[in-house]
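Subject: Structure for you to look at

Dear colleague,

I am passing on the structure below, together with notes on what turned up when I went through it. Please read them with the model open beside you.

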Amino acid sequence: MLLSTFAVADFEYSGQGQLFEASGQAQNFQFGFSFLQHEGEYRFNAGKLSMAVDEVPKRYTLELVLNDQQQIWISDFSKQPLSGFEWVIGNHQLQLRQEPATSTIAGQYKLTIDKTDYFFTSKKRGQIHFMFSDKGITEIEVDSMMTPKR
């Protein structure tokens, strides 16, 4: 008799944070990731989005868009324009805030992920890629944004 065992990949990150709306209001939010077995199938959850999947997705991407009014749009987080956020997901800390001292940088916004700073380029778009394995978040990559020269 041949038995096979396969690794069960379950992870769950609640993802707590605070959104700062362009209107000046601050509100708490929860946006997490999970890959859990539910009623015989695996489901990947990202915020309120839930989908049946056969395996752990390789990545999940958040899109940040800076509009001409210097407001940030992150549709996964809010239907309102934002002026920033603070978010803890697993062992990672992410923060987006305006940095008036960076007046030569598009939008004067600084995204900080685990002590590494990123800035918008003239394209006024950024992407945060959460990379996954069966153990959870393996790394966070940023596209279309720049880091300061050291």
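The model is a predicted one, in which local features need pLDDT of at least 70 and side-chain atom pairs count only at pLDDT 80 or more, while totals for chains, interfaces and linings use all residues. Residues are numbered from 1 along each chain as its sequence is written, and side-chain values use heavy atoms, with hydrogens and water left out.

The chain holds 0 helices and 15 strands, where helices (H or I, at least four residues) and strands (E, at least two) are DSSP runs numbered from the N terminus; two strands are said to pair if DSSP finds at least two bridges between them. β9 and β10 pair in the antiparallel sense over 5 bridges, with His92 in β10 as the bridge partner of Ile89. Their hairpin has 2 residues between the strands, and in it Gly90 takes a positive phi near 60°. β10 in turn pairs with strand β11 (residues 109–113), again in the antiparallel sense and over 5 bridges, and there Leu94 stands opposite Ile113. The hairpin of β11 and β12 also has 2 residues between the strands, and Asp114 in it takes a positive phi near 50°. From β12 the pairing continues to strand β15 (residues 145–146), antiparallel over 2 bridges, where Met145 is the bridge partner of Phe120.

Gln98 is placed in strand β10 and, at 39% relative accessibility, counts as partly exposed (buried means under 20% relative accessible area, exposed over 50%, and partly exposed in between, with a 1.4 Å probe and protein chains only). The C-alpha atom of Gln98 is separated by 6.1 Å from that of Lys110, although the two residues are 12 apart along the chain.

**Pockets**

A pocket here is an open set of points, on a 1 Å grid over the protein atoms alone, where a 1.4 Å probe fits and which has protein on both sides within 12 Å along at least five of seven lines; its lining residues have an atom within 4 Å of a point. The largest pocket has a volume of about 310 Å³, a volume being the space filled by probe spheres set on the points. It is lined by 19 residues, of which Gln30, Phe31, Gly47, Lys48 and Asp76 lie nearest its centre. Two or more lining residues come from each of β1 (11–13), β3 (26–30), β4 (33–38) and β5 (41–46), and β3 gives the most, with 4 residues.

**The chain as a whole**

Buried residues make up 41% of the 150 residues in the chain. Among contacts (heavy atoms within 4.5 Å) between residues at least 6 apart in sequence, 48% join residues at least 24 apart.

With best regards
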